[in-house]
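Hi,

Here is the structure I promised to pass on to you. Have a look at it first, and then read on for what turned up in it.

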Amino acid sequence: MMRSKWFFLLVATLAAASLWGCGSSGGSGGSAVTPTDTQPQAVGSDSCIVCHGNNVAFVLADWTTSIHNTEGVGCENCHGNGGAHRGIGPIPYPSPSLEGQCAVCHADEASLARHDGDDPATATVVEGYVMRDVESEGCRDCHGDAHDVVAGGINEQWSQSGHAGRIATDAPDTETVWGHYDWDSPSRASCARCHTTTGAVNFLLSPATYSAANNDFSYLAAGQNELLYCWGCHSNVSTGALYTPGAITEVYAGSPTGSPTVTVNYPDAGNSNICMGCHLGREVGGVLAASTGDFSNLSFINSHYLAAGGMIFGEAGYEFSGQDYTGWDSPAKHGRHGDVSRFGDEGPCVTCHMTSADPHKFEVVQKDAAGVITAVSTNACAACHGNMSASWLEERKESFHEALEALNQALLANGIEFKTAYPYFYVAGTTTAFKNWEGVYPGKGKDVMGAAFNYNLLEHDPGAYAHNANYALKLVVDSIDFLADGVIDGNGTFTIDAETVDLLATANAALAYSIEEKHHGGAALVQANYTTDTTVYNVGCGDCHAANPIPDGSRFVTNGLIVDQFAESAHGDVLGEAWMHYDWRSASRASCQRCHTATGFVVRLGDEANTANVFAAADAGLPGEVLRCTGCHTDIASGAVLAAPAFTATYSNGATQAFPNVGVSNLCVRCHGARESGDSIKLSTGDFASLSFINSHYLAAGATVFAAGGYEYDGPSYANPAYYKHDVVGISDPADPAVSDAGPCAACHMGSSANHTWEVVDKNDEGVITAINSEVCVSCHAGDYALTPEDLELEKEEFHAALEALNQALLVKGIEFKPSHPYFYVPGTTTAFKNWEGVYPGKGKDVMGAAFNYNLLEHDPGAYAHNRFYTKRLIFDSIDFLDNGVLDGTINVTGEAAAYLGTTRP
């Protein structure tokens, strides 16, 4: 290393001397001397590096790693020979030009030819795309720093994207949004916001005050246009900083002029607000609904192109009166990516379109020459959809476009022909624009245009099948349904070429296929028939989508909100640990099937002693079952629940626990009553000098709520105080509870408007409680005892501090807890702890009991709310015992642990 350093300095010094002497009269100081040579001599890149390796070191660093260097292109190849430069004199080409220096090497390459087209309709590339002078010039407009031309870099990715008109691809877009018109002309002022970078930036800097009149295009030459350059999204290109327009409130102009405007407040989509600025459409369906125009002679109201933002948030389409669209857009989770409180700052556009290996291509998928999806580029899909294949997505796309074509045929059957040229809809078989919408169904002209609007909207958002498939297809279904006979009544029969064609069937089939997204391809959520002793549960669409007929009885509305809530919950998490951690259908997991499969749960409700495998051997290896609707409900439409009597848990070593009758919550207690109790330890006849840990298992909330399940030391009382009421919440008469009562689990965890999430509280990304959802909490803890999120968060923090004090007490005795089974280890090793007698001889059960209590409560993170008194006593007594092997009623803890436990037995 030292030799290389000195060698470089020697070379540099000699090179400097050589360069300085070239054409110099000698002496110190130096001055700019006009060269007498017609062609300066070459001095070599090393001479340039002597000075420019320091004062513009980034140039040297960029060039050193660039393809220019590796291909032997040095400083003078681009800037001209430096023999007259002498450090301060002129060089021939300080800023190499496209037509001059770059063309020496690149003139024959297709990539350079792309910059010289004259005619937007025929040339490979539109002429004269430029960037502002302050950004860069010439080749660097598209290729960034010319010293650092790297294949696959951001600039190359961008040049192949739609934002750059695909200027570096073999098949550029001849209908490019950037070259179709002269967007900076005054006649196109209303277009500049999205068709020029200058307009886009001015809008993003202040959406509320944006005025096209403030766009300055004076630097452009005649015929020049702007692509969407780096500075169109980035406020600082060097750092990558983005503009921050905030949530977009879009005011859509009334149509025709004089009609009311329509305002849509789009949610805050984080960084994707930048994309939303241009992808909301020029009009939404609400503009038609508000229009005061004459629909017997009215030009088509045009949604414009690529209105993906409006589609994602279910705002873009024409929604027919009397139809409910909220249940159709809510299942599409893609809009949820815009919820910055849940998904961070990226939002749906950036999350999906900029998470591939080439993010600045903005490609979610790759397609072949025929437009068939061949690969899923982004890694965002897999985060939610598992291993989603390209073929599956292609099937979804084809199904969607078949439905869209059915709508096209429905319009054509009514004399309305779609063409690709504005104004898009024509009198069938002519070049006359269609304007008499009233003539199709008198008095319903808006709905007729609305059906055409929906087709145009979706035809010009080719990714609608992914952006918001259910909402998009609901628009298609209703449009076809209406066009058949002027009402939405489930009839989609048309006469086409003298044949009766049911176009609605095609659209409904596509909608049904789209809904399978909820089922992850039909594998994880939906399974085949399964039986109990008396009932066959046919797990089909109706299990989750209750038949709630509209008045004419012809169609049904889904339990969309409930299904959506369920899908967000741990009960419906098809990729969650509880459902996918093992192959629960295998015979080796038969004892687990009661709680880890919906089938096993229902079968064992009436046969608790049955521990046999409830699945056929052929089912082993199939995806797990979440706790779907039929796991709790006998009738989905009415919400009737399975009958579940009071539950008596049977643990190992003859231990049992009889839980009280708590109505509907008996269902919950069956899987949340622990796999073992403290009595399993007390009744054990094992050798506690060499005994594996007896495990309570997870989420034993039922045990803690009813002051049961923990290891209870001899002597103290663990009974709940009379004023502690969580175990009787939701029971009308605690002395004689009726099975129809909710009980504490259902009353508390299903007491919010989003009851099928089972979330009592909301938490932020750090796990801090921010809101109390359950109405039961608010109604009981009212007045002087009002419970705030801050109160509950403090209780949670103090509980976990106390639990950590117990963890430390175990560690002091040489027992280390780890989150993997069997949970307790010899400290610093992977050896399971088994010598409980070694801590306090003759008291091994009590030692394991302390570990049992820690494990029980560590795996019931809501124990501080489920039963604060019982959990306090378990923790206190465990610490009390561990300090000296006896219970003396005092412990030595401080801080939040002391605030929770006290220092004398509670």
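Let me start with T196 and its surroundings: setting aside residues within four places in sequence, T196 is in contact with W178, W183, F217 and E226. Please keep in mind that this is a predicted model. T196 lies in the loop between α10 (192-195) and α11 (197-205). Is T196 buried or exposed? Its relative accessibility is 2%, so T196 counts as buried, the cut-off being under 20%. The side chain of T196 also has a polar atom 2.9 Å from the backbone nitrogen of G199.

Next, the aromatic rings. The count comes to 32 aromatic pairs. One of them is formed by F300 and F425, an edge-to-face pair with 4.8 Å centre to centre and 70° between the planes. This pair links distant parts of the chain, 125 residues apart: F300 is in the loop between α13 (285-290) and α14 (308-312), while F425 belongs to strand β8 (residues 425-427). Both F300 and F425 are buried.

Another pair to look up is F799 with Y900. Why is this pair edge-to-face? The planes of the two rings are at 70°, and over 60 degrees counts as edge-to-face; the ring centres are 5.9 Å apart. Here too, distant parts of the chain are linked, with F799 in helix α34 (residues 789-812) and Y900 in helix α38 (residues 895-901), 101 residues apart. F799 has 0% relative accessibility and so counts as buried; Y900, at 3%, counts as buried as well.

Going back to F300 and F425, they belong to a cluster linked by ring pairs, together with Y305, F418, Y422, Y424, F434, W437 and Y455.

The charged end of K818 sits over the ring of Y825, 5.0 Å from the ring centre. Likewise, R868 has its charged end over the ring of F869, 5.7 Å from the centre of that ring.

Last, a helix. Helix α35 (residues 844-858) has 15 residues and reaches 21 Å from its first C-alpha to its last, close to the 21 Å expected at 1.5 Å a residue. How many of the residues of α35 are buried? The helix is mostly covered, with 12 of its 15 residues buried. Among them are G844, M848, F852, N853, Y854 and L857.

Best wishes

Technical notes
Residues numbered from 1 in each chain as written. Predicted model: local features only at pLDDT ≥ 70, side-chain atom pairs only at ≥ 80, totals over all residues. Heavy atoms only, no water. Helix = DSSP H or I, 4+ residues; strand = E, 2+ residues; numbered from the N terminus. Expected span 1.5 Å × (residues − 1). Buried < 20%, exposed > 50% of the residue type's maximum accessible area, 1.4 Å probe, protein only. Phe/Tyr/Trp six-rings, centres within 6.5 Å; stacked < 30°, edge-to-face > 60°. Lys NZ or Arg CZ within 6 Å of the ring centre and 35° of its normal. Polar contact = N/O pair within 3.5 Å; in protein donor to acceptor, adjacent residues only side chain to side chain. Contact = heavy atoms within 4.5 Å.
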